[in-house]
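This briefing concerns the structure shown below.

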Amino acid sequence: MVIRPNSHGEGRHLLVGARVILVSFALGCAALATETMLAGSTRIHGDQLVMYVLLPLALALFLVVIARRSDELPVNCVLSILSSCVVLVACEIGVGLRMTGNPGPRIAEATGRSWDNRTRDEVIDSLKDIGLRAFPILPAPVLRGITVADQGEMLRPLAPGISGAMMVTCNESGSWMIFEADEHGFNNPTGVWNETPVEIVVIGDSYTLGECVNRGETIPDQLREKWQSVVNLGISAAGPLHELAILKEYGPVLQPRIVLWIFSEVNDAEDLYAESQDPFLGTPSQWISQSLVSRQETLDTHVSRWLDSTMAV
């Protein structure tokens with residue numbers, strides 16, 4: 001689209017405005033490239049160099065060259081940029097509206113599968129109605145807000161569940177993933193803690209825990225097909241410091257021959273930063289054993305009481 005001003009004065013004002021906008025965009029691109037170069041704590045990889053440094057600098061140079069033109073090109077360039085932005089925002093809004101809510105039921109309907117439409121609270125209530133102890137799973141960030149007083153000490157729970165209780169996690173495939181927590185609140189068959197020393201301990205976040213994965217299909221479950229003595233110490237949303245705390249607390253009890261530590265580059269760096277700000281997790285050099293294994297009954301009582309009060313709100 002070509003804009004031709006009706007008068008010389010109008011054209012000059014449009015040209016000045018377009019130049020200001022183009023130079024502003026150019027400065028923004030240059031700032032992005034500069035920030036990337038200055039903020040990088042490690043060497044910038046080739047694809048990052050192209051995407052976040054070279055392309056923004058090239059675009060900034062291109063915009064400055066266009067801004068120096070005296071014809072209608074700067075105005076038309078600004079209109080093209082703004083219209084493109086409007087189209088992209090409209091597409092983003094449209095996609096967001098279409099994806100509102102859980103897409104699972106729509107996918108299940110399209111593939112002819114059933115879908116459990118109950119909420120997690122409804123699932124928990126149905127389990128309680130048949131006499132079972134049931135709770136929502138405890139992700140690591142939630143545990144950072146819970147302390148348990150016992151014999152003058154303040155304990156920090158580390159496990160994702162209440163021992164022997166039905167822990168309800170999530171529904172991504174049509175049915176709710178529910179597991180009965182082992183003697184210390186982890187996702188294992190009952191009795192694995194009696195087989196020490198164990199062959200393998202698996203540490204990690206939700207990928208290790210097996211969130212939204214049925215019992216028998218988790219990574220530790222797959223390992224049990226070859227090694228009988230495998231203990232899953234995974235917990236949702238845990239970062240390296242929380243996982244290290246679990247290993248230091250429960251490792252000496254289990255005495256594993258192999259520790260399989262599963263790292264997730266998707267979010268573990270962010271989790272590490274959040275945990276480093278925690279007064280307990282952020283000071284690993286000062287950690288001492290909390291003897292959580294021998295205090296399981298106390299942990300279960302206080303944490304289940306905290307969960308009941310939270311769910312009642």
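**Helix 1 and overall organisation**

Ala18 is placed in helix 1, which covers residues 8–39; helices (H or I, at least four residues) and strands (E, at least two) are DSSP runs, numbered from the N terminus. The model is predicted, so local features need pLDDT of at least 70 and side-chain atom pairs count only at pLDDT 80 or more, while totals for chains, interfaces and linings use all residues. Residues are numbered from 1 along each chain as its sequence is written, and side-chain values use heavy atoms, with hydrogens and water left out.

**Surroundings of Ala18**

- Ala18 is buried, at a relative accessible area of 4%; buried means under 20% relative accessible area, exposed over 50%, and partly exposed in between (1.4 Å probe, protein chains only).
- Residues up to four places away in sequence aside, Ala18 touches Pro74, Val75 and Val78, where contact means heavy atoms within 4.5 Å.
- Ala18 and Leu79 are 61 residues apart along the chain, and their C-alpha atoms are separated by 8.7 Å.

**Chain as a whole**

- The protein chain contains 11 helices and eight strands.
- Its radius of gyration is 28 Å, well over the 20 Å that the globule rule gives for 313 residues, so the protein chain is more spread out than a compact globule. The radius is taken over C-alpha atoms, and the globule rule is 2.2 Å times the number of residues to the power 0.38.
- Along the principal axes, the C-alpha atoms of the protein chain fill a box of roughly 85 × 50 × 40 Å.
- Of the 313 residues in the protein chain, 38% are buried.
- Of the contacts in the protein chain between residues at least 6 apart in sequence, 70% join residues at least 24 apart.

**Surface and charge**

- Carbon and sulfur atoms account for 60% of the accessible surface of the protein chain, which comes to about 18,000 Å². Accessible areas come from the Shrake-Rupley method with a 1.4 Å probe; for residues, only the protein chains shown count as cover.
- The protein chain carries 22 positive and 36 negative charges, whose mean positions are 8 Å apart. Lys and Arg count as positive and Asp and Glu as negative, with His and the chain ends not counted; the place of a charge is taken as NZ of Lys, CZ of Arg, CG of Asp or CD of Glu.

**Strand 6 and its partners**

- In strand 6 (residues 200–203), Ile200 and Val202 point one way and Val201 and Ile203 the other way, and all are buried.
- Strand 6 runs parallel to strand 7 (residues 230–232), joined by three bridges; two strands pair if DSSP finds at least two bridges between them.
- Strand 6 also pairs in the parallel sense with strand 8 (residues 258–261), over four bridges.
- Val201 stands opposite Val231 in strand 7 and opposite Val259 in strand 8.

**Backbone features in loops**

- Most residues other than glycine have a negative phi, and most peptide bonds are trans.
- The peptide bond from Thr196 to Pro197 is cis, with omega near -5°, and Pro197 lies in the loop between strand 5 (178–180) and strand 6.
- Ala237 has a positive phi, near 65°. Ala237 belongs to the loop between strand 7 and helix 9 (240–254) and is partly exposed at 30% relative accessibility.
- Gln255 also has a positive phi, near 50°. The loop between helix 9 and strand 8 holds Gln255, which is partly exposed with a relative accessible area of 47%.
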